[in-house]
Each structure stands twice: as C-alpha cells, then as structure tokens.
Amino acid sequence: MATATAPARASGPGRPPDRGRRNRLDRALPYLLLLPAAVVLGLVSLYPIWAGAHASLTTYLYGRPIAGAGLQNYTDTWHDPVFWQAMWVTLKFVVLAVVIETVLGLALAMLVARDMRGARFIRLSILAPMTVAPVVVGVIWRLIYESQTGFVNPLFSSLGLGAPNVLSHQGSAFYGLVFVDVWEWTPLLFLVCLAGLQSMPQEPLEAAAVDGAKPVRLFFNHTLPLLLPVLAVGVVLRLIDAVGTFDQIFVLTGGGPGTATQLISIYAYNTAFNFTDYGHGAAMLIALLAFALLLVIVALTLMRGAARRVSR
C-alpha cells in the first residue's frame, strides 16, 4: 500500500532556509572576534581609569581610605600652585620634544628614502634607541651625564668650555632631559615618515619635477601635503606618550634640581606614594588624562583639516 508523502515546504525561490541566520552571524562575527581584545583592554586600561577616578573622590589617611571626598581633591589640585608649575613644565617638555622629534624624523626619513649605499644599515642604526627600555635609557644617560664617570664633562673641558654638570643646574637639566627624549623617540617619527614616503604616489611628484619644480618647492607644495595625514598620526601617538613621560625623568633627576624637571607624572607620583595622599595624586593624574585628551582632539582636528586640504 503506497503512502503519500507531504510535499516539502518551499522556502522561497532559490533561497536557503538558513540564509537569514547566516547573514546575522556574518554581521555579528566582527564583534565576536573583537570581544577578547575588548575584554583585555577593559581589564588593563578601563579598570585602572575607573579605579583612579574612584580614588580621586576619596580621602585617604596613611594610605587607607577613610571617607568620600567629593570634588575636594580636584579643588585642592586647582588651587595648588605646584600643580600648575608642573603642568607648565609638562607643556614645555611635550611641545619642545615632539617638535624637534618631528622635524628630525622627517629630515632623516627624507634622507634615507633615497637610494643610497648603506641605507639599510643607517635605518637600523636610527631605530636602535627606540628598542631600549625607557628605564635602561635613563640609567645609560645618567652615567653619560655623571660628573665623575661620564664623558660629557671631560668632552666640554677638553674644548675649553668648562664642565657643564648637566643634571646639577635647572636649565641644563631640563634641556638634558629633552635631548634624551629626542634621542630615544625620534626613531618613531622617522619610522612613520619613512612609511609614508614609501607609500606615497610618485606620479604627482614626477609631473611637478618635469614641469621644473625645484626641490624646495617640490617638498612644500607636493611632498609635505601628501605626507601630512600620516605625519599627523605619528605626532598624535607621540603626544599621548610624551604627556605621561615618567621612567627616564624618575631615573635621571627625580624631578630636580628643585622643580625644574618635575612633570605632572612625577609630582603625582610623589604626592601619592611619598606623602600617601592617594586622592590628591589620583586627581592630578585624571587631570593629566584630560590634558592628553585635549591635545589629541586638537591634533586630530588639525589632521582632518590637512586631509581635507590634500583631497581637494
């Protein structure tokens, strides 16, 4: 006896029954792949920021929380003249170091981007300082600046200029730290500029050269505008890192002599861990974070403006 079988339910002309589910999975897949990185980022970045913000709203006694402080720590920070002096030192250090690093990095990239003998060795030599840990950099330059064992004082003395004792005077100590930062982080801007130069389209440059553009005009009218978006990214990254500079200064001077090299990071560290005023120190670091975000917003605005001008 034959049994009738029910006809299969049509799912639409040429459309698999699980097409909608597959589309939803395809849309969710990028977010699922980003989820582990987002969790790690939350643990190592967002939680410390939240803990710092919570500490900035707390009163501590001998390192132990005793009561909520509200905005009192921020009020004390606002009326603290040493904080504003440290903020001014931080601003001078960041602007001077980043400007010098940008100019030197661009100049070295323009030099090495040409076909020349030994270019690979020169690139590796330029990148070498960036591979050294900041604490080790501080130790190395402390030995170099040391009045007894370093070679800076003997070098100046042999030239008849007298021993400068770099870390013993306020002015020379500040510029000595700027020099160390430039030595260590110019390779970062050099690497960014070199990558931008090597990925830059050559047709506009070749056309301008055929039209008789001189090297200086070719650089300012063509090369620099095309490089600005890439260069701005490198400057933003360097600004973020320079604002929180701590390791080298802590090893070299500890913020001295006096307060000549006392950046916000050093002052906040001393306030929190030497004087156990964790709330006040955390408030200063939250203010430093806001200052860094302000610099990033300004830099990103300039970068977008430069990109729009280049695209015209």
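Let's start with Gly305, which counts as buried because its relative accessibility is 12%, and buried means under 20% relative accessible area. This value, like everything that follows, comes from a predicted model. To find Gly305 in the structure, look along helix 12, which covers residues 278–311.

How far apart are Gly305 and Leu35 in sequence and in space? In sequence, 270 residues separate Gly305 from Leu35. In space, the distance between Gly305 and Leu35 is 33 Å, taken from C-alpha to C-alpha.

## An enclosed space

The largest cavity holds about 40 Å³ of space.

Which residues line the largest cavity? The lining is made up of Phe93, Leu177, Val180, Asp181, Thr245, Gln248, Ile249 and Leu252. Two elements give two or more residues each to this lining: helix 7, spanning 170–198, and helix 10, spanning 247–252.

Pro257 sits in the loop between helix 10 and helix 11, the latter running over 264–274. What kind of peptide bond joins Gly256 and Pro257? The bond between Gly256 and Pro257 is cis, with omega at about -5°.

## Two loop residues with positive phi

Asn165 has a phi near 45°, a positive value in a residue other than glycine. You will find Asn165 in the loop between helix 6, residues 152–158, and helix 7. Is Asn165 buried or partly exposed? With a relative accessible area of 25%, Asn165 is partly exposed, because that value falls between the 20% limit for buried and the 50% limit for exposed.

Thr276 is the other stop. Its phi is near 50°, again a positive value in a residue other than glycine. Thr276 lies in the loop between helix 11 and helix 12. The relative accessible area of Thr276 is 27%, so Thr276 counts as partly exposed.

Methods
Residues are numbered from 1 along each chain as its sequence is written. This is a predicted model: local features need pLDDT of at least 70, side-chain atom pairs count only at pLDDT 80 or more; totals for chains, interfaces and linings use all residues. Side-chain values use heavy atoms; hydrogens and water are left out. On a 1 Å grid over the protein atoms alone, a cavity is a set of points where a 1.4 Å probe fits but cannot get out, and a pocket is an open set with protein on both sides within 12 Å along at least five of seven lines; lining residues have an atom within 4 Å of a point. Grid points are joined across faces, edges and corners, and a volume is the space filled by probe spheres set on the points. Helices (H or I, at least four residues) and strands (E, at least two) are DSSP runs, numbered from the N terminus. Buried means under 20% relative accessible area, exposed over 50%, partly exposed in between (1.4 Å probe, protein chains only).
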